[in-house]
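Me: I would like to learn how to read a few features of a model. Please take them one at a time.

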Amino acid sequence: MAEKIGVLGGTFDPVHHGHLAAAADVRHALGLDRVLLVVAGDPWQKRGRVEASARDRLALTEVAVVGIDGVEASAVEVDRAGASVTADTLESLGAPDRDLYLVLGADAVANMGSWRRLEDTKALATVVVVERAGDLDVHPPGEGWRYVHVRIPRLDISSTDLRARLHAGRPVDGLVPPAVVAEIHARGLYTGGR
Ligand code: ATP
Ligand code: MG
């Protein structure tokens, strides 16, 4: 039987419990073998707004997934030079005996129109739209997509808010795993006022 792999891409600047809960819920709902948190190496749509280096964001994601069954950090985009393009990533993760599931929040789905190689993406994975209470009913743009919706709880956590908290010296405990808090401090990330 084909191995079913979920792919949840993001900047993860830093990773948080919203990402982790979504990954675990999608894995359970669709019976996936594994869900990979794919850390964007060069998120070209966010240039200038990404704070931590790709290596630091990957390290935080690696400690975040420890102890979460079937959820893993992936370095494929960090290890590859150049802009992070989803179709390239899916091609590098693909194999004849693998079914890929591309996991996207409603905000990410709404932005798909701007993706590079969007047409190529259709054949490479089934899109999983994670739907949080209050989200608009979104689906991938145009025809020919395979996609499913999975309901997940709304956790009102964003990396943007976490960065602001850290710069202001406010706690992020409870919003990210304790190991991530420790790793942020050990690496001296998100310090100082902005
Ligand atoms: P930023 O505030 O910097 O944009 P973010 O918290 O939105 O960061 P991203 O790395 O941009 O995190 O998101 C990666 C993926 O995770 C996207 O598909 C996004 O929709 C999803 N996501 C982000 N926050 C949550 C959350 N609280 N619950 C579920 N999914 C989330
Ligand atoms: Mg975001």
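Predicted model: local features only at pLDDT ≥ 70, side-chain atom pairs only at ≥ 80, totals over all residues.

Reply: Residues are numbered from 1 along each chain as its sequence is written.

Me: What span should helix α1 have?

Reply: Helices are DSSP runs of H or I with at least four residues, and strands are runs of E with at least two, numbered from the N terminus. The expected span is 1.5 Å times one less than the number of residues. For the 14 residues of α1 (residues 17-30) that gives 20 Å, and the end C-alpha atoms are 20 Å apart, which agrees. After α1 comes Gly31, with a positive phi near 65°.

Me: Why is strand β5 described as largely enclosed?

Reply: Buried means under 20% relative accessible area (1.4 Å probe, protein chains only). Strand β5 (residues 126-132) is largely enclosed by the rest of the structure because six of its seven residues are buried.

Me: Which strands pair with β5?

Reply: Two strands pair if DSSP finds at least two bridges between them. Strand β4 (residues 98-105) is parallel to β5 over five bridges, with Val128 as the bridge partner of Val103. Six bridges join β5 to the parallel strand β6 (residues 147-152), where Ile152 stands opposite Arg132.

Me: Which atom of His19 lies 2.9 Å from ligand 1?

Reply: A polar contact here is a pair of N or O atoms within 3.5 Å. An N or O atom in the His19 side chain is 2.9 Å from a ligand 1 oxygen. His19 is also among the buried residues of α1.

How values were computed: Chains lettered and ligands numbered in written order. Heavy atoms only, no water. Buried < 20%, exposed > 50% of the residue type's maximum accessible area, 1.4 Å probe, protein only. Polar contact = N/O pair within 3.5 Å; in protein donor to acceptor, adjacent residues only side chain to side chain.
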